[in-house]
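Thanks, everyone. I'll take this one piece by piece, so please keep the view open while I talk.

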Amino acid sequence: QQGLLQDRRVLVIDQSAKNSNDRTWCFWEKGQGFFEPVLHKQWENIWFHAPGFSRNFSVSPYRYKMIRSAAFYAYCRERLQADRVEFITVTVQEARAENGQLHCKLDAAATTFRAGTVFNSFPPEIKPAQGKSIDWLQHFKGWLVKTETPVFNPGEAVLMDFRVSQLAGTCFVYVLPLDNQHALVEYTLFSGALLEPAAYDEGLLHYMRSQWPGIAFSVEETEFGVIPMTTRQFPWYANGMFQIGTAGGQTKASSGYTFQFIQKQSAAIAAALRKGALSPDAPVGRASSRFRFYDKVLLTVLEQHYLDGSRVFSQLFERNSPARIFSFLDNETSIPQELALIASLPTIPFLKAAWQCL
């Protein structure tokens with residue numbers, strides 16, 4: 001942001017040029033956001049589906065928003081166009097900072113930069129679980145499909161559709177229509193391990209055929225992603241670097257949502273830099289202990305098979321508005337609001353999990 005750089009030069013190191021649609025970010029937000037100019041699509045209404053329960057919801061005062069990465073990257077580069085910002089495209093094998101210097105192993109070569117402040121977003125290594133840590137994954141594959149005839153309602157997104165097999169874990173599909181013939185269809189799982197590559201395609205193909213039987217379609221783009229859903233607390237400062245993004249614990253353990261938490265942390269970091277108050281000893285953007293506890297309880301319910309994930313989310317949406325759920329998942333609710341939401345869930349499984357997490 002302007003005013004932060006002053007006479008300092010900023011170096012951005014990334015392993016790719018970031019000029020393609022290699023991923024899609026979806027998030028809910030109230031009002032106008034910072035990335036409003038590059039929104040690809042937004043929805044005011046969502047569907048939730050599960051066996052025995054389907055409902056169309058208004059998400060007001062939120063909107064469910066989509067950003068495609070090519071537009072996002074271009075927008076960020078345009079905002080950062082300045083002599084003081086330089087982009088380097090190279091693979092970083094290792095990095096550490098000490099005594100004002102950033103030591104990097106770039107591809108096969110070792111390079112040292114002078115650096116007053118270093119931010120690292122390199123994904124953390126998740127080692128085998130120890131103690132009471134839960135290390136699950138949100139993994140997904142998406143197809144951008146085009147149907148031969150119009151079948152989609154572009155004004156309504158499917159946030160979660162649990163009418164798919166649950167044998168491999170908590171599994172759902174979301175459908176984000178761009179127009180009446182194009183949609184991003186994502187096959188998503190919460191589980192402890194990845195599937196075989198072909199299984200994601202099989203899941204997507206089965207869903208398309210079951211929901212739109214006899215409708216021919218083509219796949220125009222694909223994407224695949226893995227997001228850690230872990231109860232571990234990542235450090236704010238390590239190896240002489242401030243940890244940001246997933247590396248800094250900005251992925252919510254119980255949902256895998258990350259994008260908006262990164263924006264909140266980035267704003268807080270910018271405010272700390274303006275005040276000269278950025279410190280290794282004062283974590284910025286860390287979730288409170290009670291929200292981390294809630295995340296751990298839900299993951300314990302799923303990991304221990306106290307309750308099927310489909311039933312958890314079905315009951316959540318049957319008894320609460322999307323606005324209340326979104327606020328809770330954003331870590332923005334008060335304790336009375338949280339207690340009301342928790343009371344809408346099955347008591348015994350969550351009490352067992354809560355006791356186990358203490």
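Strands β2 and β6 (residues 62–68) pair in the antiparallel sense, over seven bridges. Pairing here needs at least two bridges found by DSSP between the two strands. Within that pair, C26 stands opposite M66 of β6. A word on what you are looking at: this is a predicted model, where local features need pLDDT of at least 70 and side-chain atom pairs count only at pLDDT 80 or more, while totals for chains, interfaces and linings use all residues. Residues are numbered from 1 along each chain as its sequence is written, and side-chain values use heavy atoms, with hydrogens and water left out. Helices (H or I, at least four residues) and strands (E, at least two) are DSSP runs, numbered from the N terminus.

Back to the sheet. The order is β2-β6-β3, three strands, open, with antiparallel pairing. β2 and β3 (41–43) are at the edges with a single partner strand each, so one side of each has no neighbour in the sheet. On average, neighbouring strands of this sheet are turned by 25 degrees against each other, direction ignored. Axes are lines fitted to C-alpha atoms, for helices over the stretch in contact; angles run from 0 to 180 degrees between N-to-C directions. Helix α1 (residues 69–79) lies across β2 and β6, at about 85 degrees to β6. Contact means heavy atoms within 4.5 Å.

Now the loops around this sheet. P61 lies in the loop between β5 (53–58) and β6. The peptide bond from S60 to P61 is cis, with omega near 10 degrees. K18 is in the loop between β1 and β2. K18 is not a glycine, yet its phi is positive, about 55 degrees. As background, most residues other than glycine have a negative phi, and most peptide bonds are trans.

R23 is also found in the loop between β1 (10–14) and β2 (24–30). The classes are buried under 20% relative accessible area, exposed over 50%, partly exposed in between (1.4 Å probe, protein chains only). Setting aside residues up to four places away in sequence, R23 touches K18, I67, R68, S69, Y73 and E223.

Next, strand β13 (residues 156–161). Five of its six residues are buried. Strand β4 (residues 45–50) runs parallel to β13, joined by five bridges. W47 has V158 of β13 as its bridge partner. With strand β14 (residues 170–177), β13 pairs in the antiparallel sense over two bridges. There, D161 is partnered by V173 of β14.

S191 sits in strand β15 (residues 182–191). S191 is buried, at 5% relative accessible area. Its side chain reaches the backbone oxygen of A193 at 2.9 Å.

Last, the helices. The axes of α4 (residues 289–303) and α8 (residues 347–357) come within 8 Å and cross at roughly 120 degrees. Which residues of α4 meet α8? F293, K296, V297, L298, T300 and V301 do, against P349, F350, A353, A354, Q356 and C357.

Definitions and conventions:
A polar contact is a pair of N or O atoms within 3.5 Å; within protein, one must be able to donate a hydrogen and the other to accept it, and residues adjacent in sequence count only if both atoms are side-chain atoms.
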